[in-house]
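Here's a quick tour of one protein chain, taken a piece at a time. Have a look at the fold first, then read on.

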Amino acid sequence: MPSAYAAPSTSPRSFAAFSPDPLPKGPSRALPQRRKTRTVRLAARKPRAGVHRASWRVGSDAYPLGVGSANGLRWGLGGNNHLMKQSKDLPTPESFWIDTARAPDRTGRPVPGEVDVAVIGAGITGLTVGYLLACSGRSVAVLEAGRIASGVSGHTTAKVSAQHALIYDHLRRISTDTAARYGAAQLAAIDWIATESEALGVDCEFTRRDSFVYSTKERQRTNLKQEAEAAAAAGMPASYVEDIDLPVAAAGAVRFTNQAQFHPRKWLLALADEIEALGSQVREGTRALSLSERRVSVIHTDRGDVRAKDVVVATHYPAFDRGGFFARLEPTRELAVSGLVPADSAPTSMSLDADTHYSVRTTPDGAPDQTRLIVLGESYRTGQRVDVEARYAQLAEWSNQILGLREVTHRWSAHDMSTPDKIPYVGRYHPAARHLWVATGFRQWGMTNGTAAAHLLHDLVLGIADPAQRELFDPNRVNVRSVPTVVHANTVVAAHFGGDRARATLNRSKLEDLGPDEATVTRVGAALVAGYRDPSGELHAVSARCTHMGCAVNFNNAEKSWDCPCHASRFALDGSVLHGPAVKPLERLTPTSTAEPAIDRPDSGA
């Protein structure tokens, strides 16, 4: 097995300067999608003063009933809301990476009629495999529903590390070869980014750093020592230590030397530029709606059809959903806050708490006496009914108390999928596929896993893949040890499918009673309706049934989105798709000025 990836044979080119793009600030960046808009009889009166029926509990995972304030200031009963810092002090969600690396507008361009390889998704996997295949002489079209590097890859901590929490002791229990092959792929990904970014002249702030996974709990010492031993046996630069570069009382830690961090969007925008310079194409605002698998497959998009011999699906959650991935992927969402701290007291390494999963790194930000701190944590299942604003406030408060973050200038959320055995799915989309490929399940470690996946996909398309790596990441592998995890995950989905609908049916909240910045999911007539009243008093109403499999969506009060707890589809206030697996928007409902609310029965699947 090779210890590092060979750099494609292409002459270096400088990173082109990009002018600011028209990407709007805030979380709802979905591009316009064609949808039917039905006029229904929904009450559109201004909210009545003093009507507040919030029953969300701050700082807990309890499910809410009825109405909740979306600004984080009125969540909670029984005085619980004093536990959290006022979220009104936090900025509108926006990724620091997107804010500091604007891109040219690639929307509105016609899609190619036929290419050798179509890549769906322009994150780190899609752009890396597109670049590698273009370097190998293939004609490539990278198709992105939104804007490139603005999805999961634009909302990361951007640690480029082979240390993926406490993974190696787990993998060693599968086999020592599994742990070694997994680790080798991660180290090779780090080295390839280092080599290729230098060869291309890309200033993506790639910097070597040590990485730590630590615990403040004495009972974790044995686990940390076992992880250090397993990682070292797998060929990782790992050791057990008791001192870390954070002002916390660590009981012990696993240290990985010579890992890295970078600015992910600067790197990915450079790859997009290189793909085009090599004669291939990158298209934004192009949503893949369906696929016809043939000798030459046809991708049906909202901008026309694209024919390709090979199709790579690199859309975070696999588009088309033909491999049963909805039953084998667990969605997780984590929050990030960022701001400036004094450079002389800031940590210089990367760290992760093995228990709370709080993740810390820093990056230079121009001022010699200050550095930028990035803290990620407060994970929860995507679509779970929690007070997201309160969790942001909790994360900001920890960052303030422990690391001196006085002002949060940016905040965003990261969204990823995990497989039952913690190894990504990379390879044939389904057992019968011959030229349809997929990559997913990076478990919050997409910078190296996504890069490693791109190299394996490149080799699979060219027919030169290493058999051992192909077997390790095979999406169609069967692992008996993972059966309990799969069963549990699907039990959770079933509970949400039935329970959330039942709660909405029992919810007696009325849309006309919503106050400014309040949201609810309730039954109006025969259908479930998701309603939100914005601060100006305008009511936004959409069908509450996710267009993927019909689960009831829940409101994300930080990103102002409707999120599905079953398989993690996310929708903007107008129903447009933010994240798959859904490809169709929620049906938009237009209120009319009537005293008694009513609604027509939504069409099937809306």
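In what order do the four strands of the open sheet run, and is the pairing parallel or antiparallel? The order is β23-β24-β25-β26, and the pairing is antiparallel. Two strands count as paired if DSSP finds at least two bridges between them. At the edges sit β23 (554-556) and β26 (577-579), each pairing on one side only. β25 (residues 570-571) and β26 are joined by two bridges in the antiparallel sense, and Phe 571 stands opposite Val 577 in β26.

A word on ground rules: this is a predicted model, where local features need pLDDT of at least 70 and side-chain atom pairs count only at pLDDT 80 or more, while totals for chains, interfaces and linings use all residues. Residues are numbered from 1 along each chain as its sequence is written, and side-chain values use heavy atoms, with hydrogens and water left out.

Now the chain as a whole. Helices (H or I, at least four residues) and strands (E, at least two) are DSSP runs, numbered from the N terminus. Buried means under 20% relative accessible area (1.4 Å probe, protein chains only), and contact means heavy atoms within 4.5 Å.

| Property of the protein chain | Value |
|---|---|
| Helices and strands | ten helices and 27 strands |
| Buried share of the 606 residues | 58% |
| Share of contacts with a separation of 6 or more residues that link residues 24 or more positions apart | 72% |

Next, a helix pair. The axes of α2 (residues 124-135) and α8 (residues 446-462) come within 8 Å and cross at roughly 40 degrees. That makes α2 oblique to α8; angles under 35 degrees count as roughly parallel, over 145 as roughly antiparallel, 65 to 115 as roughly perpendicular and the rest as oblique. Axes here are lines fitted to C-alpha atoms over the stretch in contact, with angles from 0 to 180 degrees between N-to-C directions. On the α2 side the contact includes Ile 124, Val 129 and Leu 132, and α8 brings in, among them, Met 447, Ala 454 and Leu 457. Sorted by type, the contact residues come out as ten nonpolar, seven polar and no charged.

Finally, a loop residue. Tyr 358 lies between β14 (350-353) and β15 (359-364), and Tyr 358 is buried, with a relative accessible area of 8%. Leaving aside neighbours within four places in sequence, its contacts include Ser 351, Leu 376, Gln 394 and Trp 398. Tyr 358 and Trp 398 are 40 residues apart along the chain, with 9.7 Å between their C-alpha atoms.

Technical notes
Nonpolar A, V, L, I, M, F, W, Y, C, P; charged D, E, K, R; others polar. Buried < 20%, exposed > 50% of the residue type's maximum accessible area, 1.4 Å probe, protein only.
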